[in-house]
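Please take a moment to look at the sequence and the 3D view, and then follow the paragraphs below from one part to the next.

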There are 2 protein chains.
Amino acid sequence: MSDAFNAVAEPRRREILDQLAGGQRSVNELVELLDLTQPQISKHLRVLREVGVVDVRGDGRRRLYSVNARALKPIHDWVSGYERLWSERFEALDAVLDRHKREEREDAGDDV
Amino acid sequence: MSDAFNAVAEPRRREILDQLAGGQRSVNELVELLDLTQPQISKHLRVLREVGVVDVRGDGRRRLYSVNARALKPIHDWVSGYERLWSERFEALDAVLDRHKREEREDAGDDV
DNA sequence: CCAACGTATGCCCATATAGGTATATTGTTT
DNA sequence: AAACAATATACCTATATGGGCATACGTTGG
């Protein structure tokens, strides 16, 4: 029912991902690293798994989770479209382009 | 109760933002552009407003909404931390760094 | 094979949220 | 001031979600 956007809307799940970014972890390792109960961790991992943001690998009786960052790319792509609206670098570029456009108009001189 | 991550977890709200990215719009304009009822639009705009992702400006009896992209920066910052895990460009960089590290170890030659 | 470990899941509750419809609110026009 | 336009909000319902707890499931070590 959810997508990556929903999955990372939960702060706890972002914390889990941040931990996994440092390398794969078992469920109990995550339980100790973050301050959550084991069922909570497992449930959040399930959501992350369902949207493909984490992968699982069996290791004996443990299950090792790791990040599948590629699933986060749609988020990056979407929000990057707004970068020009806050970045000073892009603001400067926009200013140049605007000025260029204005000068083109003036050079054309339709009426004067 | 929510933050920017929650606000954009809703697909409709992302659509609203995408429209506003093209310039400020009144509520009714959004109603026509997207296929939502006026109360739906107003409610979503309220959420977006509360997390600071949009700004409002009164214009006669209308209210003009615009994007405040700076509020999206935390999302961009967070997800950018994972970019190296999917980008080929960063993968190549990582490979170079790994190799460099390995060579350093070999140069040191602790045991052989 | 059995016991203990590591993990997943089912259940219950409280809360949050979205959709739908009606209505209140605010500003405008005559 | 009254009628109207543009928007916000209240209310209801259905559904989703998280926390807490108990328990089921799968694996391995003795």
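In which sense do E2(B) and E3(B) pair, and over how many bridges? In this model, which is predicted, E2(B) and E3(B) pair in the antiparallel sense, and six bridges join them. At one place along this pairing, B:Asp59 stands opposite B:Arg62, a residue of E3(B). Helix H2 of chain B, which covers residues 11-20, packs on the sheet and touches E1, E2 and E3 of chain B, while its direction makes about 95° with that of E3(B).

The whole sheet of chain B is open and has three strands in the order E1-E3-E2, with antiparallel pairing. Its edges are strand E1 (25-26) and strand E2 (54-59) of chain B, each of which pairs on one side only.

Chain B is superposed on chain A by a rotation of 180° with 0.1 Å of shift along its axis, and the RMSD is 0.1 Å. The two copies are thus related as by a two-fold rotation axis. Because 100% of the interface residues of chain B are also interface residues in chain A, the copies meet through the same surface.

Finally, consider DNA strand D, which is surrounded by 24 residues, the closest being A:Pro39, B:Ser26, B:Asn28, B:Pro39 and B:Arg62. Helix H4 (38-50) of chain A supplies at least two residues of the surface near this strand, as does each of helix H3 (27-33), helix H4 (38-50) and strand E3 (62-67) of chain B. H4(B) gives the most, with six residues. By class, the surface near DNA strand D has nine polar, eight charged and seven nonpolar residues.

Methods: Residues are numbered from 1 along each chain as its sequence is written. Chains are lettered from A and ligands numbered from 1 in the order in which they are written. This is a predicted model: local features need pLDDT of at least 70, side-chain atom pairs count only at pLDDT 80 or more; totals for chains, interfaces and linings use all residues. A residue is near a molecule or strand if its C-beta atom, placed from the backbone, lies within 6 Å of it. Helices (H or I, at least four residues) and strands (E, at least two) are DSSP runs, numbered from the N terminus. Ala, Val, Leu, Ile, Met, Phe, Trp, Tyr, Cys and Pro count as nonpolar, Asp, Glu, Lys and Arg as charged, and the others, Gly among them, as polar. Two strands pair if DSSP finds at least two bridges between them. Two residues are in contact if their C-beta atoms, placed from the backbone, lie within 7 Å. Axes are lines fitted to C-alpha atoms, for helices over the stretch in contact, and angles run from 0 to 180 degrees between N-to-C directions. Copies are superposed by least squares on the C-alpha atoms of residues with pLDDT of at least 70 in both.
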